[in-house]
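Trainee: I have a protein model open and would like to learn how to read it. Where do we begin?

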Amino acid sequence: INILGNFQTVEEVIRNKLIVDEGDPLNELLFNKALDDIKSMGIFKSVDADIIDGSQESLKIVNLNVEEQPTGEITLGAGAGTGGTVIGGGIKEKNFLGKGINLDTNLEISESTVKGQFVYSKPNFAYTDNTLFTSVQATTKDNLKDYGYKVSDTGFSLGTTYEQYENLFFSPELDFSLEDLETNSTASSSLKKQEGTYEDFYFNYGLNYDLRNSSYKPSAGSKTTFYQQLPVVSGNNEISNTFVYTKYQTLNRTSDLI
């Protein structure tokens, strides 16, 4: 298997997506599925493969050609409304350092609020075929002058995603947040009663059963997702359940509309 055209992307990022490795029997169905997985990464403009005869009748040579494309995005914005003026921006990168790492960071500032977030996702972490993801977020809302209170909220999460069984993906996650409410003499009586520091520690998990015909532009099949948030240490003894079912169907033969 020869990989060509990856000038920025590390070769192992592509090889990690291949279901059929060098020396294995060539299964074209699994190989085409791997090509769809490479396309779905969103870091290549095109992905093509040529299969030619090898030195013997029982051997094949696969030339996998990829064309890279820009994977970074910078956003800047500003606005004004009844809540005041807001400025913000963010940076997204799908292929950080050419290793297929996803980064997403943003910052938003208004007259009373500062909000920031950083998300990191590393596929095939430590060669385990697992995706490791982590995020850090912080929000500060200062209304001491106008309403007599200030709220600071800091959160951290760490999780992983892996294929437990065929087409069934499991995503456990630990989520910790710390909220601090500060008041002064001008705050309302209800806010004064809530003053203090609150800690929330959640165990979250997701189950994703993927029966789509392709991970890249699917046209048939379905995707079923169940997500649950469970409090471990929390003042809010609540359990959150989310269920999503998506069915893919081509509307007609003459259109690409799905």
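**Reading charges, burial and confidence**

Mentor: Begin with the charged pairs. A search of the whole structure finds four salt bridges. Keep in mind that the model is predicted.

Trainee: How far can I trust the coordinates?

Mentor: Here is the general idea. Where pLDDT is low, the predicted coordinates should not be read in detail. In this protein the average pLDDT is 92, and 100% of the residues score at least 70. Confidence is lowest in helix α3 (residues 189-194), with a mean of 89. Strand β13 (residues 240-249) has the highest, at 96.

Trainee: Back to the charges. Which residues are linked in a network of salt bridges?

Mentor: Glu-11, Arg-15 and Glu-22 are. Take one link at a time. Between Glu-11 and Arg-15, the closest N and O atoms are 2.7 Å apart. Between Arg-15 and Glu-22, the closest N and O atoms are 3.7 Å apart.

Trainee: Why are Glu-11 and Arg-15 separated by about one helical turn?

Mentor: Because they lie four residues apart in helix α1.

Trainee: How exposed are the members of this network?

Mentor: Under 20% is buried, over 50% is exposed, and in between is partly exposed. Glu-11 has 33%, so it counts as partly exposed. Arg-15 has 25%, so it is partly exposed. Glu-22 has 52%, so it is exposed.

Trainee: Is Asp-210 buried or exposed?

Mentor: Its relative accessibility is 15%, so Asp-210 counts as buried. The Asp-210 side chain meets that of Arg-212 in a salt bridge, at 2.8 Å from N to O.

Trainee: What about a buried charge with no salt bridge?

Mentor: Look at Lys-122 in strand β7 (residues 113-122). Lys-122 is buried yet has no salt bridge. The cut-off for a salt bridge is 4 Å. The nearest side chain of opposite charge, Glu-12, is 5.5 Å away.

Trainee: Which residues is Lys-122 in contact with?

Mentor: Leave aside neighbours within four places in sequence. Then the contacts of Lys-122 are Ile-101, Asn-130, Thr-131 and Leu-132.

Trainee: Now the surface. Which residues form a nonpolar patch there?

Mentor: Ile-87, Leu-107, Ile-109 and Val-114 do. Together they have about 330 Å² of accessible area. Ile-87 is in strand β5 (residues 84-96).

Trainee: And Phe-7: where is its place?

Mentor: In the loop between β1 (2-4) and α1 (11-15). Phe-7 has 75% relative accessibility, so it counts as exposed.

How values were computed:
Residues are numbered from 1 along each chain as its sequence is written. This is a predicted model: local features need pLDDT of at least 70, side-chain atom pairs count only at pLDDT 80 or more; totals for chains, interfaces and linings use all residues. Side-chain values use heavy atoms; hydrogens and water are left out. Patches are made of residues with over 30% relative accessible area and no salt bridge: like charges are joined within 9 Å, nonpolar side chains (Val, Leu, Ile, Met, Phe, Trp, Tyr) within 5 Å. Accessible areas come from the Shrake-Rupley method with a 1.4 Å probe; for residues, only the protein chains shown count as cover. Helices (H or I, at least four residues) and strands (E, at least two) are DSSP runs, numbered from the N terminus. Buried means under 20% relative accessible area, exposed over 50%, partly exposed in between (1.4 Å probe, protein chains only). Lys and Arg count as positive and Asp and Glu as negative; His and the chain ends are not counted. Contact means heavy atoms within 4.5 Å. pLDDT is the predictor's confidence in each residue, from 0 to 100.
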